[in-house]
Amino acid sequence: MAATKRNVIFVLAAVITGLISIVFGLGVIRASAFFATLTTGREWLPFLLCPAGLALIVFLTRSVFPGAQGSGIPQAMAGLQMQDPADVDSVLSLRIAAGKFLLTLLGFAVGASIGKEGPTVQIGCATMNICGRLGLERSHALQRLLILAGGAAGITCAFNAPIAGIIFAIEEMARSFDDRQVRSIILAAFASGITLFLVLGYQPYFGFSRATLALGSIWLLVPVCAVVGGLAGGLFAQILIMPARFMPASVNRLARSRPVVFAALCGLILAAIGFASHGQVYDASYGEARNALIRGVLPPLEFAPLKFLATLVSYLSGIPGGIFAPSLAVGVGVGTAFAHLIPNLPVAAFAMIGMAGYFAGVVQSPLTATAIVIEMTSNPAMTVPVGVAAILGTMASRVVCKEPVYHAMAQQFLRVVEHKPVAAPNTAGLPPE
């Protein structure tokens with residue numbers, strides 16, 4: 001009976017997560033469209049909207065929703081290690097979930113280069129944590145199970161990718177294999193996935209890709225693309241972990257002492273990058289990535305570095321928002337850069353390879369990277385080159401960044417929670433999340 005009750009609660013929480021994520025996803029689409037409509041033909045407007053918007057979000061985060069800044073995945077992973085249920089409740093609460101929901105939408109509405117997946121994971125974990133109080137006897141083991149299931153449901157809902165959600169929870173969050181955990185993770189992922197299917201139908205995140213990579217000399221470019229992507233992804237992760245090492249001392253002082261002003265400065269830089277890219281780097285750059293993956297449309301050669309910088313600036317400003325989706329877009333830019341340099345290179349195929357290499361470089365989780373890229377494009381024909389790119393990207397990343405980004409951030413977050421000193425706090429007084 002206890003196991004049945006637990007499973008019912010897991011399914012209920014996963015369904016709720018699915019419904020919330022549907023509303024959240026529709027909100028993200030509307031918010032992105034609002035920014036695009038408002039700024040079309042008004043290239044000067046982001047120079048007002050981005051600084052004011054990011055400053056407002058940081059002010060609200062610090063004053064109304066403290067703890068809602070950043071991705072949300074490090075908070076969830078930190079929760080796995082917390083022994084005191086009160087500490088878990090403090091990072092996976094209804095208040096923080098609501099703040100994550102509202103402030104992430106506001107971030108999309110002002111053009112921030114962010115994703116919805118990290119917030120969706122934290123919302124999913126918070127939902128699981130809240131539902132887990134319904135008549136279940138709390139324990140550390142149950143607490144971990146709830147958070148892992150919430151993480152699987154969150155990734156499933158963000159990308160309509162239940163297999164990727166399961167692998168992410170096992171490979172990235174749990175970093176271990178336990179039969180009982182896996183059953184609960186699968187149950188949560190598929191319950192949330194079925195909810196999405198019943199409401200929205202089956203639609204891969206990027207659509208249906210028909211890309212292939214014929215055997216031949218072109219395969220020699222796969223490891224080159226993967227290593228370049230992995231090194232770039234590792235650099236991005238290392239900057240997020242230790243931003244103070246990469247910023248002048250005066251900027252670090254400003255970030256600590258005047259976080260709202262620092263966020264406005266980040267918004268101004270974001271607007272300048274957006275102007276240089278003709279608006280392509282705002283929000284998650286979903287359209288640019290999809291056009292390359294599905295239609296074989298080449299983004300500009302400078303798209304990858306500009307998107308890299310826009311995502312970095314948005315994240316370091318201290319606002320809520322994920323790095324999954326923007327990282328996938330940067331990876332598309334890395335892969336398609338080879339098509340600019342080499343004639344007749346299959347654009348869509350190398351967009352997938354670059355996406356896998358760079359994303360694996362950021363998170364250092366090759367199975368998750370492979371599953372996400374394949375499931376988001378519904379293209380199993382590219383499994384081998386994508387898998388090779390993910391493995392090589394992870395290996396290259398570890399040359400630049402020794403520790404996986406989410407694990408490093410989770411440890412920083414735990415040290416802050418325990419009131420221990422931590423290097424390079426961000427604008428919210430916490431380590432980058």
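Author: pLDDT is the predictor's confidence in each residue, from 0 to 100. This is a predicted model, in which local features need pLDDT of at least 70, side-chain atom pairs count only at pLDDT 80 or more, and totals for chains, interfaces and linings use all residues. Residues are numbered from 1 along each chain as its sequence is written, and side-chain values use heavy atoms, with hydrogens and water left out.

Reader: What is the mean pLDDT of the protein?

Author: The mean is 90, and 96% of the residues reach 70 or more. Over residues 421-433, however, pLDDT stays under 50.

Reader: Why is Ser-184 called buried?

Author: Buried means under 20% relative accessible area, exposed over 50%, and partly exposed in between (1.4 Å probe, protein chains only). Ser-184 has 3% relative accessibility, so Ser-184 counts as buried.

Reader: Which residues does Ser-184 touch, not counting those up to four places away in sequence?

Author: Contact means heavy atoms within 4.5 Å. On that basis Ser-184 touches Phe-10, Leu-145 and Ala-149.

Reader: Where is Ser-184 placed?

Author: Ser-184 is in helix H9, residues 179-200. Helices (H or I, at least four residues) are DSSP runs, numbered from the N terminus.

Reader: Which helix gives the most to the lining of the largest pocket?

Author: Helix H1 does, with 11 residues. H9 is one of the helices that each supply at least two residues of that lining.

Reader: What makes up the lining by class?

Author: Ala, Val, Leu, Ile, Met, Phe, Trp, Tyr, Cys and Pro count as nonpolar, Asp, Glu, Lys and Arg as charged, and the others, Gly among them, as polar. The lining of the largest pocket then has 23 nonpolar, 17 polar and 6 charged residues.
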